[in-house]
Amino acid sequence: MKKQAKKHTNDVILESATSFITFIIFLFAVYLFFAGHYTPGGGFIGGLVTASALVLILLAYDIKTLRRILPFDYKWITALGMLIAVLTASGALVFNVPFFTHAHDYFNLPLFGKTSLHTAMLFDLGVYLVVVGVTMTIIQTIGESD
Amino acid sequence: MIAINEWIVAVFALLGMGFSLVTALGLIRLPDVYTRAHAASKSATLGVMSILIGVIIYFVTEDGFFSSRVVLGILFVLITAPIGGHLIARAAYYSDVPLWKSSVRDDLSKNKEHVEPKKRQDDM
């Protein structure tokens, strides 16, 4: 079975298409992530779309290629996401307000002009990393077990 | 002015609908996997793209809102749908799905390197 899977690996069309379709998907995931506050989107589907871009690389190439492109353990990404979420939530305790109280303010950024920055985005970043980590852990674990 | 825009949008939407209908008819009527993949990947792509062009024109003229997501969607469908058709037809060929009995050319069967794992029957 394994020997048969090794044949017909001449997937030039799929591989060359993947190499730039992946960037479109990543871009869309980043857009969804940042659009989440005012329009449909957010950390969850942003993470899922990112994971789908990684799965596309996994389908067109193989598990070793993906590990060479992104050489980290996805369980650590899940842990990092949880850590960011908990720290964002407990950061409110420093300012003597209840747990999970968010704050926002307006800043003048060089390129974007007047922008509202919200600590909910940091929490969303935690959600994003957890979703990417969990999805890729599941898929890589299933994919590796021959 | 509004009426002309509405007509253009209607023409694009109906064109897309017509292409989608032709796709569905092709999937039912055509004899084998390869001709069906041909029908599904080409005319469905064009149908979806026509409808999305209609969507862009509608929102620009009605609300003055240019949706760059739809442009990205058109580009994405244009790139990915033919690749999907190609991969399905390729997988079918390497799984020894027979060609339609009136097919006259099968150049890939002459390439020994490609068809080594399985023997293809030319009489099918």
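## Charged pairs

Asp11(A) is buried, as its relative accessible area is 18%. Here, buried means under 20% relative accessible area, exposed means over 50%, and partly exposed is in between (1.4 Å probe, protein chains only). The model is predicted, so local features need pLDDT of at least 70 and side-chain atom pairs count only at pLDDT 80 or more, while totals for chains, interfaces and linings use all residues. Residues are numbered from 1 along each chain as its sequence is written, chains are lettered from A and ligands numbered from 1 in the order in which they are written, and side-chain values use heavy atoms, with hydrogens and water left out.

Which residue forms a salt bridge with Asp11(A)? The partner is Arg90(B), and the closest N and O atoms of the two are 2.8 Å apart. The pair crosses between chains: Asp11(A) sits in the loop between helix 1 (2-6) and helix 2 of chain A, and Arg90(B) sits in helix 3 (residues 68-94) of chain B. Arg90(B) is also buried, with a relative accessible area of 17%. A salt bridge is a side-chain nitrogen of Lys or Arg within 4 Å of a carboxyl oxygen of Asp or Glu. Helices (H or I, at least four residues) and strands (E, at least two) are DSSP runs, numbered from the N terminus.

Side chains of opposite charge can pair when their charged atoms come close. Over all chains, the count comes to two salt bridges. Asp73(A) and Lys75(A) meet in a salt bridge with an N to O distance of 3.6 Å. Asp73(A) is partly exposed at a relative accessible area of 36%, and Lys75(A) counts as exposed at 52%.

Asn96(A) counts as exposed because its relative accessibility is 72%. Asp96(B) counts as partly exposed because its relative accessibility is 26%.

## Chain B as a whole

How many helices and strands are there in chain B? There are three helices and zero strands, and the pattern along the sequence is α-α-α. Chain B has 124 residues, and 26% of them count as buried. Contact means heavy atoms within 4.5 Å. Among the contacts in chain B with a separation of 6 or more, 54% are between residues 24 or more positions apart. The accessible surface of chain B is about 8,300 Å², and carbon and sulfur atoms account for 70% of that. Accessible areas come from the Shrake-Rupley method with a 1.4 Å probe; for residues, only the protein chains shown count as cover.

## Patch and pocket in chain A

Val30(A), Phe34(A), Met121(A) and Leu122(A) make a nonpolar surface patch of about 350 Å². Helix 2 (12-35) and helix 6 (120-144) of chain A each give two or more residues to this patch. Patches are made of residues with over 30% relative accessible area and no salt bridge: like charges are joined within 9 Å, nonpolar side chains (Val, Leu, Ile, Met, Phe, Trp, Tyr) within 5 Å. Leu122(A) belongs to helix 6 of chain A and, at 40% relative accessibility, counts as partly exposed.

The second largest pocket holds about 440 Å³ of space. Its lining has 15 residues, and those nearest the centre are Phe34(A), His37(A), Tyr38(A), Ser116(A) and Met121(A). Helix 2, strand 2 (113-118) and helix 6 of chain A each supply at least two lining residues. The largest share, four residues, comes from strand 2 of chain A. A pocket is found on a 1 Å grid over the protein atoms alone, as an open set of points where a 1.4 Å probe fits, with protein on both sides within 12 Å along at least five of seven lines; lining residues have an atom within 4 Å of a point. Grid points are joined across faces, edges and corners, and a volume is the space filled by probe spheres set on the points.

Thr115(A) lies in strand 2 of chain A. Apart from its neighbours within four places in sequence, Thr115(A) is in contact with Asp105(A), Tyr106(A), Phe107(A) and Leu109(A).
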